[in-house]
Every structure is written in C-alpha cells, then in structure tokens.
Amino acid sequence: FNSLIQSCAMDLMKERMFALSMRFNKKMRDWDIRIAANVHDEIVFECPLEIIHSEEVKTYIVDMLESPSITFRIPFGTDYGVGVESWAEAAYYNKE
C-alpha cells in the first residue's frame with residue numbers, strides 16, 4: 001500500500017518539476033532559476049543571488065508547487081527554504 005502512495009507522490013512531484021522547468025516556464029527562464037536536484041520530496045533550485053530572497057519568486061514557486069493539474073480534496077503544503085552556502089542552510093531557513 002505504501003508503494004502506491006509514494007508512487008503517486010512522485011508522479012505529482014515530476015509533474016510540478018516539468019511545470020517549473022526553464023524549458024516549459026518563461027518566468028523561470030526570465031529569473032534564471034534552474035532545478036538543480038530532486039531528492040525524495042525536495043526540489044533544489046539554483047538562482048542568481050539578486051533574487052534569492054525575492055518574495056515574488058517565493059510566492060510563485062510555492063503557488064506552482066501547491067497547484068497540481070489534478071484537483072484534490074486535501075490541499076498541498078509546501079515548505080520553502082533559502083540557502084546561499086549549502087542545502088543544509090536552506091533546510092533550517094524557516095525554523096529559526
């Protein structure tokens with residue numbers, strides 16, 4: 001049973017990654033934001049330092065991640081972190 005849930009979650013993650021990829025998303029191209037990695041349930045982006053703390057960018061990415069093409073009864077939640085030096089720094093961004 002768990003494999004069904006994990007498989008569905010990964011399908012949703014892949015769909016959102018396509019939606020946010022530079023190839024299919026003009027805003028991400030304009031901002032020069034690239035998907036660097038996907039590890040389990042996290043997506044790591046790379047972007048210029050000038051926009052790393054942009055509220056507009058954060059809102060756009062979170063909205064895109066929380067809006068899959070299929071409507072569900074239960075809303076999705078997204079945690080957002082920012083790290084300049086490391087991935088670990090981003091993981092603790094909202095926990096301070």
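Keep in mind that the model is predicted.

**Stop 1: the salt bridges**

Side chains of opposite charge can pair when their charged atoms come close. How many salt bridges does a search of the whole structure find? The search finds four. We will visit some of them.

Select Glu15 and Arg16. These two residues form a salt bridge. Their closest N and O atoms are 3.1 Å apart. Is Arg16 buried or exposed? Arg16 is buried, because its relative accessible area is 9% and the cut-off for buried is under 20%. Glu15 has a relative accessible area of 22%, so Glu15 counts as partly exposed.

**Stop 2: a pair within a helix**

Select helix H2, residues 26–31. Then pick out Lys26 and Asp30, which both lie in this helix. Their side chains meet in a salt bridge, 2.9 Å from N to O.

**Stop 3: Asp32 and Arg34**

Move on to Asp32 and Arg34. Here is another salt bridge, with the closest N and O atoms 3.4 Å apart. Arg34 has 44% relative accessibility, so Arg34 counts as partly exposed. Asp32 is also partly exposed, with a relative accessible area of 34%.

**Stop 4: the cysteines**

A disulfide is a covalent bond between the sulfur atoms of two cysteines. How many disulfides does a search of the whole structure find? It finds zero. Show the surface around each cysteine in turn. Cys8 is partly exposed, at a relative accessible area of 38%. Cys47 is partly exposed too, at 30%.

**Stop 5: a nonpolar patch**

For the last stop, select Ile70, Phe72 and Phe76. What do these residues make? They make a nonpolar surface patch of about 270 Å². Zoom in on Phe76. This residue is found in the loop between helix H3 (55–65) and helix H4 (87–91). Phe76 counts as partly exposed because its relative accessibility is 33%. A residue needs over 30% relative accessible area to belong to a patch, and Phe76 has 33%.

Notes: Residues numbered from 1 in each chain as written. Predicted model: local features only at pLDDT ≥ 70, side-chain atom pairs only at ≥ 80, totals over all residues. Heavy atoms only, no water. Patch = residues over 30% accessible without salt bridge, like charges linked within 9 Å, V, L, I, M, F, W, Y side chains within 5 Å. Areas by Shrake-Rupley, 256 points an atom, 1.4 Å probe, with all protein chains shown as cover. Helix = DSSP H or I, 4+ residues; strand = E, 2+ residues; numbered from the N terminus. Buried < 20%, exposed > 50% of the residue type's maximum accessible area, 1.4 Å probe, protein only. Disulfide = S-S within 2.5 Å.
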